[in-house]
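Here is my note on this model, as a set of numbered points.

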Amino acid sequence: AVRLEPDHLAPRKQKHRSSRRRFGRKAAVPKVASVKLAAIRSRIRTAMMRDDWLTVDKLAEEGNAINPWDAEFYALIARAASRLGHLKIARYAWSSAVKLEPKNARFYREFGGVLQRLGEYELARECFLRIDDIDPTGQVSAELVAAVDIAAVIHDGGYSSAETTRDVAVDEDDD
């Protein structure tokens, strides 16, 4: 189902839950599996250089089936889904990656970007604030928080769909 309908979220969630149950707790990857994962990662890099995101998605799912505790495979699934326009799948995959690797600021940054594209501005803001917790010396999170606040105001005010200033004029009845 994941291969035939890559834009549906439910089969992916079930597949990932099943893989985690099959392997039990997070454990070390056997040597044979690590060789397979290295080959998959190499093919993923090649597909990414060609901007073949459908192949990246399929290969990341393969790698996830071998090692369901690798946050990088979830990140690859999320990146590919985002590029393919499957934002709900990207949201799920980023949330899984963040749960597995909570100290990765890059994951929070990209997860916040997907949340912002979905219109979930408060959650995006929280993701960007977590970057500040991870790296308090950086200015990146302050800029991202300001950008998401501006996007929220534009969205809430209805300014994004307005063609002229008269389109956003407030009615007296709404006051």
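Predicted model: local features only at pLDDT ≥ 70, side-chain atom pairs only at ≥ 80, totals over all residues.

1. Please read every value below as computed from it.

2. α6 against α7. Helix α6 covers residues 105-118 and helix α7 covers residues 121-134. Their axes lie 8 Å apart, at an angle of about 165°. Angles over 145 degrees count as roughly antiparallel, and that makes α6 roughly antiparallel to α7. The crossing of α6 past α7 is left-handed.

3. Who makes that contact. From α6 come A105, Y108, R109, F111, G112, G113, L115 and Q116. From α7 come Y121, L123, A124, C127, F128, R130, I131 and I134. Sorted by class, the α6 contact with α7 holds 11 nonpolar, three polar and two charged residues.

4. α1 against α3. Helix α1 spans residues 9-23, and helix α3 spans residues 53-66. The axes come within 9 Å and cross at roughly 25°. Under 35 degrees counts as roughly parallel, so α1 and α3 are roughly parallel to each other.

5. Who makes this one. α1 supplies R12, K15, H16, S19, R22 and F23. α3 supplies D57, E61, N64, A65 and I66. The classes here are three nonpolar, three polar and five charged residues.

6. R12 and D57. The model has seven salt bridges in its count. One of them pairs R12 with D57, with the closest N and O atoms 2.6 Å apart. R12 sits in helix α1 and D57 in helix α3, 45 residues apart. Both R12 and D57 are buried.

7. K15 and E61. A salt bridge joins K15 to E61, with 3.1 Å between the closest N and O atoms. K15 lies in helix α1 and E61 in helix α3, so this pair ties together parts 46 residues apart in sequence. E61 counts as buried, because its relative accessibility is 5%.

8. R106 and E72. R106 forms a salt bridge with E72, the closest N and O atoms being 3.3 Å apart. R106 belongs to helix α6, and E72 to helix α4 (residues 71-84), 34 residues apart. R106 is partly exposed at 35% relative accessible area. E72 is also partly exposed, at 24%.

Note on methods. Residues numbered from 1 in each chain as written. Heavy atoms only, no water. Axes fitted to C-alpha atoms, helices over the stretch in contact; angles between N-to-C directions. Helix = DSSP H or I, 4+ residues; strand = E, 2+ residues; numbered from the N terminus. Parallel < 35°, antiparallel > 145°, perpendicular 65-115°, else oblique. Left-handed = near helix turned anticlockwise from the far one by under 90°. Contact = heavy atoms within 4.5 Å. Nonpolar A, V, L, I, M, F, W, Y, C, P; charged D, E, K, R; others polar. Salt bridge = Lys/Arg side-chain N within 4 Å of Asp/Glu carboxyl O. Buried < 20%, exposed > 50% of the residue type's maximum accessible area, 1.4 Å probe, protein only.
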